[in-house]
Amino acid sequence: MAKELSEMSLEELWQLFPIILKEHNPEYSSWYLEEKECLVHIVGKNNIARINHIGSTSVKGLIAKPTVDILLEVNNDCEVEALKEKLSNSGWILMSFSNDPEPTMVFNKGYTKYGFAEKVFHLHLRYFNDWNELYFRDYLRLNKEVADEYGRLKMFLKDKYEHNRDGYTEAKTEFIMKYTKAAREEFGDKYKGEKV
């Protein structure tokens with residue numbers, strides 16, 4: 001009988017959920033839109049400042065882990081503890097929580113004790129701000145050669161870090177920050193005050 005996820009060590013979780021990269025699936029955008037509707041219902045439209053599909057699955061043609069990343073930004077007066085409970089009661093599993101300098105929560109959906117489900121999501125819940133992920137996404141969407149370079153980097157790192165998610169993420173950081181900086185120079189303060 002398989003252990004529950006909550007009973008597994010980090011090493012066991014990394015073995016069960018290795019780094020898998022796949023060609024872009026055109027269905028990712030519809031997965032995002034369906035999940036976005038559910039999130040608006042759970043969280044409440046009045047609490048949401050902005051919601052976006054981020055990460056590699058949001059960039060057409062980019063090789064990616066088959067996980068749809070969603071950045072959900074809530075208004076600063078929103079009660080995040082209540083939201084945490086609502087999301088947990090709706091099938092989202094809290095993966096990490098940080099309060100430095102402000103609340104940041106990462107939830108997942110589609111992780112089972114037997115491995116990945118057909119649809120997998122990561123939800124990044126934060127207060128409304130000028131987040132790097134939005135700039136990096138837009139830069140990759142507009143610069144296919146940089147997106148292709150990013151895809152090659154991920155393929156190179158996949159075997160080395162197949163069972164080490166933190167190492168995989170860390171190894172991509174320099175590339176991501178380089179092009180996030182370029183994006184901020186090109187786009188200015190595009191996301192500073194734009195609520196959608």
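Two strands are taken to pair if DSSP finds at least two bridges between them, and strands (E, at least two residues) as well as helices (H or I, at least four residues) are DSSP runs, numbered from the N terminus. The structure is a predicted model, in which local features need pLDDT of at least 70 and side-chain atom pairs count only at pLDDT 80 or more, whereas totals for chains, interfaces and linings use all residues. Residues are numbered from 1 along each chain as its sequence is written, and side-chain values use heavy atoms, with hydrogens and water left out.

Strand β5 takes part in two pairings. With β2 it runs parallel, the two strands being joined by seven bridges, and V68 stands opposite F121 in β5. With β4, by contrast, β5 runs antiparallel, and eight bridges join the two; T104 has R126 in β5 as its bridge partner.

Helix α2 comprises 16 residues, 28–43, and reaches 22 Å from its first C-alpha to its last, close to the 22 Å expected at 1.5 Å a residue, where the expected span is 1.5 Å times one less than the number of residues. Residues are called buried under 20% relative accessible area, exposed over 50%, and partly exposed in between (1.4 Å probe, protein chains only). By this criterion, the buried residues of α2 are Y28, W31, Y32, E35, L39, I42 and V43. They cover an arc of only 95° around the axis, and therefore lie on the same side of α2; the arc is that of the directions from the helix axis to the C-beta atoms. In general, an α-helix has 3.6 residues a turn, so residues three or four places apart point the same way. On the other side of α2, E37 and H41 are exposed. The buried residues of α2 pack against β1 (48–54), β2 (68–74), α3 (80–88), β4 (104–112) and β5 (115–127), contact meaning heavy atoms within 4.5 Å. After α2 comes G44, with a positive phi near 95°.

A disulfide is defined here as a pair of cysteine sulfur atoms within 2.5 Å, and the structure holds zero of them. C38 is in no disulfide, since its nearest cysteine sulfur, that of C78, is 18 Å away. With a relative accessibility of 37%, C38 counts as partly exposed, while C78, at 6%, counts as buried.
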